[in-house]
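I opened this entry to keep track of what I looked up in the structure. The notes follow the order in which I went through it.

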Amino acid sequence: MTLGSQTLQFLIAGLSVGAIYALIALGFGVIYNATQIVNFAQGEFVMLGALLTVTLHHSAHLPLPLACLLAVLGVVVVGVLVERLAIRPVRAAGVLAMIIVTIGVSIALRGIAMLIWGKEHVPLRPFSSVEVVRLGGAAVLTQSLWVIGITLAVMAALHLFYSRATLGKAMRAAAITREGAALVGISPGATVFWSFALAGGLGAVAGLLIAPIHMAAYGMGTMLGLKGFAAAILGGIGSSVGAIVGGLALGVLEAMGAGFAPAGLGGYKDAFAFIILLIVLFARPAGLFGGGGAGEE
Amino acid sequence: MSPRWRVVLWLAFGALVAALPPIIANDYYIGVAVFVGIGAIAAIGLNLLMGYAGQVSLGHAAFMAIGGFTSAILTTRTGVSPWIAMACALLLASAVATLVGIPTLKLRGHYLAMATLGVGMIVTIILTQWDDFTGGTSGLTDIPYLSLAGVPLDNDVKYFYLVWALVALALLLSSNLIRSRVGRALRALHTGEVAAATCGVDIARTKLRVFVLSAALAALAGSLYAHHVHFVNPHNPFDFSFSIQLVVMVVLGGLATLPGSVVGAATVILLGEYLRSLGDFDVLAFGVILALVLIFLPRGIVGGAASLLQARRAAGGAAQES
């Protein structure tokens with residue numbers, strides 16, 4: 001394989017993983033904008049989306065699109081329940097208490113998943129029966145193309161939601177100024193509620209897309225959640241464009257880094273995301289697209 | 001709290017610690033109590049950072065890892081005295097904390113939390129991958145006993161007394177710190193950073209000092225852990241999930257209450273031991289209990305108890321006045 005086709009192969013693999021990171025980063029951003037908290041259960045939404053799809057498609061034999069749809073709806077319900085049962089009761093106690101509660105929720109969701117699905121890694125069948133196609137000399141997983149395509153569709157839908165739908169515009173307004181939005185009748189409580197629903201849905205889509213590439217398992221959410229978080233910081237947390245660019249950049253850098261790393265250093269692949277996170281924090285703490293949130297003292 | 005009460009509490013704490021091993025008289029539980037003490041030392045340091053400097057570290061277990069692995073590598077490879085190895089561990093952790101803290105603590109907001117999260121993950125990955133040096137996933141074994149004045153601390157009861165003496169020392173040091181000039185500066189910047197800065201508090205520097213101290217305490221805990229179990233690996237208790245457990249200890253015990261950290265460490269570790277008997281239900285139960293405690297006691301166990309007492313006293317005072 002030539003260097004060019006190898007690069008293309010790493011690029012497509014990186015873009016597909018990066019698209020997953022972008023979806024997770026968007027989920028972090030939605031909740032951050034509504035509440036100023038980092039939702040540590042975001043990775044668990046991803047895990048639940050993956051495992052629910054596997055069960056609905058493989059065990060209940062539902063057709064794939066229906067299984068995916070139901071899985072997404074299921075995780076949306078989980079997100080809403082998390083907000084109502086765990087986040088709302090501690091809202092008065094402040095941001096840190098809410099963050100710790102999301103840690104508790106993430107541990108509990110992992111525990112529930114372990115009880116339901118066990119500790120085994122289960123694969124989801126790829127969306128296409130043809131698993132690999134040749135593209136300019138590069139071997140490309142068809143699933144990678146599905147991931148990139150569906151992520152683009154989700155992003156277009158999200159853009160329409162934020163620019164056209166009343167609820168989307170209300171959520172954007174509340175992110176800019178909660179008090180101002182409340183004055184014109186946008187309930188902060190409702191914004192938080194819908195942000196958890198949306199974050200649940202975004203997480204679930206990420207999970208069902210990645211499940212055929214990486215196995216689905218109850219513990220898969222931790223690392224994916226942290227990578228998505230790093231992507232969110234890289235792009236500037238709360239910025240949608242930032243989340244997308246941050247996620248894609250992280251995925252591509254990781255794939256190139258692992259692909260071209262000297263022998264023996266490939267095991268450090270997972271460290272890339274966090275080294276980039278540190279560089280961003282030290283050099284440009286507001287992220288690539290963050291709006292001046294980080295004032296120097 | 002009046003000085004008299006403080007003395008009473010210290011005496012009660014000392015008596016409890018001294019009496020515990022004969023009362024427990026069970027090797028397994030004394031071992032658990034040692035681990036509670038180790039967790040408490042790290043949690044006390046983290047509480048200084050979270051409760052007083054208002055900053056969160058999501059990678060504090062990495063400083064424990066630096067402590068544990070520095071002790072392990074130096075004592076098994078070079079044969080240097082474990083105490084000198086421990087001093088090196090504390091210095092190394094302080095140096096790393098300084099490097100991470102300088103750029104992030106001059107910013108307003110929770111940038112330290114994100115940076116420490118990154119550092120924690122990187123430390124775990126390095127410890128796992130650099131196996132020639134760190135033993136990789138299987139870790140390092142045969143870490144020697146500590147000895148004090150020529151007496152090897154070669155059973156859990158002796159080690160229990162050493163660890164809990166260090167818990168007391170950490171408590172004493174920390175409570176003196178928060179009543180000192182630095183402590184006043186911390187309280188000032190907690191209520192209003194701009195106002196504190198106007199009064200001449202160097203905010204970034206004050207936060208940095210507390211962060212470095214908390215990292216050094218975590219390294220001490222990690223080093224003590226290495227000499228307790230004579231074995232270290234990159235994961236338990238040195239990875240992200242233990243970093244999170246440390247944060248949980250601090251919040252569960254109560255932010256800005258130092259004894260709360262000891263209570264928090266005991267709660268988390270004993271709960272973990274107890275829940276293990278539930279088999280696969282343990283993870284779920286831990287998460288649910290954590291969320292429930294915070295929903296009903298958002299200021300933590302000790303913080304919540306203290307505010308209950310205060311409310312009762314205030315109610316009693318009001319009743320007397322009328």
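Is B:Ala25 buried or exposed? I am working from a predicted model. I counted 10 other C-beta atoms within 10 Å of B:Ala25, so the residue is exposed; the limit for that class is 12 or fewer.

**Entry: around B:Ala25**

I placed B:Ala25 in the loop between H1 and helix H2 (27–52) of chain B. B:Ala25 is not a glycine, yet its phi is positive, at about 45°. I then went back to the helix that B:Ala25 follows, H1(B). Helix H1 of chain B covers residues 3–24, which is 22 residues. From first C-alpha to last, H1(B) reaches 31 Å, close to the 32 Å expected at 1.5 Å a residue. I noted a kink of about 30° at B:Ala18 in this helix, shortly before the proline B:Pro21.

**Entry: other backbone points in chain B**

I looked up B:His230 next, which sits in the loop between H10 and S4 of chain B. Its phi is near 60°, a positive value in a residue other than glycine. B:His230 has 15 other C-beta atoms within 10 Å, so I list it as partly exposed. In the loop between strand S4 (231–232) and H11 of chain B I found B:Pro237. The peptide bond that leads from B:Asn236 into B:Pro237 is cis, with omega near -5°.

**Entry: chain B overall**

I recorded 14 helices and 4 strands for chain B. Its radius of gyration is 20 Å, close to the 20 Å that the globule rule gives for 322 residues, so chain B is as compact as a globular protein of that length. Along the principal axes, the C-alpha atoms of chain B fill a box of roughly 70 × 50 × 45 Å. Buried residues are 50% of the 322 in the chain. For contacts in chain B with a separation of 6 or more, I noted that 75% come from residues 24 or more positions apart.

**Entry: chain A overall**

For chain A I recorded 11 helices and 2 strands. In sequence order the pattern is α-α-α-α-β-β-α-α-α-α-α-α-α. The radius of gyration of chain A is 19 Å, close to the 19 Å from the globule rule for 297 residues, so this chain is as compact as a globular protein of that length. The box for the C-alpha atoms of chain A is roughly 60 × 50 × 35 Å along the principal axes. I list 51% of the 297 residues of chain A as buried.

**Entry: helix H4 of chain A**

How many of the 23 residues of H4(A) are buried? I found 18, so the helix is largely enclosed by the rest of the structure. H4 of chain A runs over residues 95–117, and its end C-alpha atoms are 32 Å apart, which agrees with the 33 Å that its 23 residues should span at 1.5 Å a residue. Just after H4(A) I noted A:Gly118, with a positive phi of about 75°.

**Entry: A:Ile237**

A:Ile237 is in the loop between helix H9 (220–235) and helix H10 (240–260) of chain A. I counted 25 other C-beta atoms within 10 Å, so A:Ile237 is buried. The residue A:Phe28 is 209 residues away along the chain, but its C-alpha atom is 7.6 Å from that of A:Ile237. Beyond four places in sequence, the contacts of A:Ile237 include A:Phe28, A:Tyr32 and A:Gly290.

**Entry: core and contact between chains**

I looked up the largest nonpolar core, which has 205 residues. Those that touch the most other members are A:Ala50, A:Ala230, A:Leu277 and B:Ala219. Leaving aside neighbours within four places in sequence, A:Ala50 is in contact with residues including A:Leu124, A:Leu208 and A:Met220.

The contact between the chains takes 35 residues from chain A and 32 residues from chain B. On the side of chain B that touches chain A, the elements giving two or more residues are helices H4 (82–105), H5 (111–129), H10 (203–229), H11 (240–253) and H13 (282–296). By class I noted 24 nonpolar, 5 polar and 3 charged residues on that side of chain B.

How values were computed: Residues are numbered from 1 along each chain as its sequence is written. Chains are lettered from A and ligands numbered from 1 in the order in which they are written. This is a predicted model: local features need pLDDT of at least 70, side-chain atom pairs count only at pLDDT 80 or more; totals for chains, interfaces and linings use all residues. Two residues are in contact if their C-beta atoms, placed from the backbone, lie within 7 Å. Ala, Val, Leu, Ile, Met, Phe, Trp, Tyr, Cys and Pro count as nonpolar, Asp, Glu, Lys and Arg as charged, and the others, Gly among them, as polar. A nonpolar core is a set of buried Ala, Val, Leu, Ile, Met, Phe, Trp, Tyr and Cys residues joined through C-beta atoms within 7 Å. A residue is buried if 20 or more other C-beta atoms lie within 10 Å of its own, exposed if 12 or fewer, and partly exposed in between; C-beta atoms are placed from the backbone. The expected span of a helix is 1.5 Å times one less than its number of residues. The radius of gyration is taken over C-alpha atoms; the globule rule is 2.2 Å times the number of residues to the power 0.38. The bend at a residue is the angle between axes fitted to the seven residues ending there and the seven starting there.
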